[in-house]
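We will go from one selection to the next.

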Amino acid sequence: MKRVIYIAIFALATLSVGNVQAQSFGDLLKGLSGLFGSTTTQQAEEKPVYPTEKEVLGTWIYTEPQIVYEGNDALASLAISTIKGQIPGLAQKFGVVPGQDYVTIKKSKILAVSAGKKANATYTYIPSAGKAIITGEHNGKKIIVTGYATIKDGQVTVLFDANELIAILSQTKTYKENSTLQMMASVIQSYPGIKVGATARRK
């Protein structure tokens, strides 16, 4: 489950890269929303394809991190779109390396390997919705997260609700001692619909 925690950390931390600080990011969105009102955009979305129970089995090699916004605030959507391009470099700083980290999935069991460290978890998968309920342990505490999987061109993307990960992250020492992460969490909680995760290819 440490892999999930790392993904949450770098997704949150990415919001402070460059010249934009956490507080100014939040103020910018709120200020612009106040001037122009919260707008929505309607785009033709591609229907997601969920992997079958059999398709999720095997070894998957991490290729890139993901962050998406599924809310209806156009300004937040634009901000997340801009941030997305900066995540891969930051992810590597946290030891999440494309082509090296991998996950092996057997029936009801997951083995994740990141930076040579292993983590075990169990899961229940609902193929009709691409929904995986993952149970693991972090620092001696039981953790349950819900992932949403889609498959395209032979690659699987799994996304987690950012607020759900924040709830887990908030229990860690790293979070409690890092005011920047706490500000990031505050901004993300103001814009429901942000999901973070990763894409992987079959080994």
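Which residue takes a positive phi in the hairpin of S3 and S4? Select Ala115: its phi is positive, near 55°. The hairpin has 2 residues between the strands. Bear in mind that this is a predicted model.

**Stop 1: the hairpin strands**

Select residues 109-114 for S3 and 117-126 for S4. The two strands run antiparallel, and 6 bridges join them. Show Lys109 and look across: its bridge partner in S4 is Thr122. Now show Val113, whose bridge partner in S4 is Lys118. In general, the strands of a sheet pair through backbone hydrogen bonds, either parallel or antiparallel.

**Stop 2**

Show Tyr125 and find its bridge partner in S5, Ala132. Between S4 and S5, 4 residues complete a hairpin. Select Gly130 in that turn: its phi is positive, about 60°.

**Stop 3**

Select residues 102-106 for S2. S2 runs antiparallel to S3, and 5 bridges join the two. Show Tyr102, which stands opposite Val113 in S3. So far Val113 has turned up with Tyr102 and with Lys118. The hairpin of S2 and S3 has 2 residues between the strands. Pick out Ser108 there, with a positive phi near 70°.

**Stop 4**

How many strands make up the closed barrel? There are 8, in the order S1-S2-S3-S4-S5-S6-S7-S8, with antiparallel pairing. On average, neighbouring strands of this sheet are turned by 35° against each other, direction ignored.

**Stop 5: the helices on the strands**

Select residues 74-84 for helix H3. H3 lies across S1 (58-69) and S8 (194-202). Its direction makes about 140° with S1. Next, select residues 162-169 for helix H5, which packs on the sheet. H5 touches S6 (141-152), S7 (155-161) and S8. The angle between the directions of H5 and S6 is about 155°.

Go back to H3 and show its side chains. Which residues of H3 are buried? They are Ala76, Ala79, Ile80 and Ile83. These four sit on the same side of H3, because they cover an arc of only 95° around the axis. Turn to the other side of H3 and select Leu78 and Ser81, which are exposed.

**Stop 6: the nonpolar core**

The largest nonpolar core has 36 residues. Select Ile110, Tyr123, Ile134, Val145 and Ile194, the members that touch the most others. H5 gives the most to this core, with 5 residues.

Centre on Ile110. Leaving aside neighbours within four places in sequence, its contacts include Val103, Thr104 and Ile105. Ile110 also contacts Ala119, Asn120 and Ala121. Tyr123 and Ile134 are on that contact list as well.

**Stop 7**

Select Gln66, found in S1. Is Gln66 buried or exposed? Gln66 counts as buried because its relative accessibility is 9%, and the cut-off for buried is under 20%. Show its side chain. A polar contact of 3.4 Å joins it to the side chain of Glu64. Another, of 2.9 Å, joins it to the side chain of Thr199.

Among the residues it touches are Lys84, Thr157 and Leu159. Gln66 also touches Lys195, Val196, Gly197, Ala198 and Thr199.

Finish on Thr199, in S8. Thr199 is buried, with a relative accessible area of 4%. Its side chain makes the polar contact with the side chain of Gln66 at 2.9 Å. Leaving aside neighbours within four places in sequence, Thr199 is in contact with residues including Ile61, Tyr62, Thr63 and Glu64. Gln155, Val156 and Thr157 are also in contact with Thr199.

Definitions and conventions:
Residues are numbered from 1 along each chain as its sequence is written. This is a predicted model: local features need pLDDT of at least 70, side-chain atom pairs count only at pLDDT 80 or more; totals for chains, interfaces and linings use all residues. Side-chain values use heavy atoms; hydrogens and water are left out. Two strands pair if DSSP finds at least two bridges between them. Axes are lines fitted to C-alpha atoms, for helices over the stretch in contact, and angles run from 0 to 180 degrees between N-to-C directions. Contact means heavy atoms within 4.5 Å. Buried means under 20% relative accessible area, exposed over 50%, partly exposed in between (1.4 Å probe, protein chains only). The arc is that of the directions from the helix axis to the C-beta atoms. A nonpolar core is a set of buried Ala, Val, Leu, Ile, Met, Phe, Trp, Tyr and Cys residues joined through side-chain atoms within 4.5 Å. A polar contact is a pair of N or O atoms within 3.5 Å; within protein, one must be able to donate a hydrogen and the other to accept it, and residues adjacent in sequence count only if both atoms are side-chain atoms.
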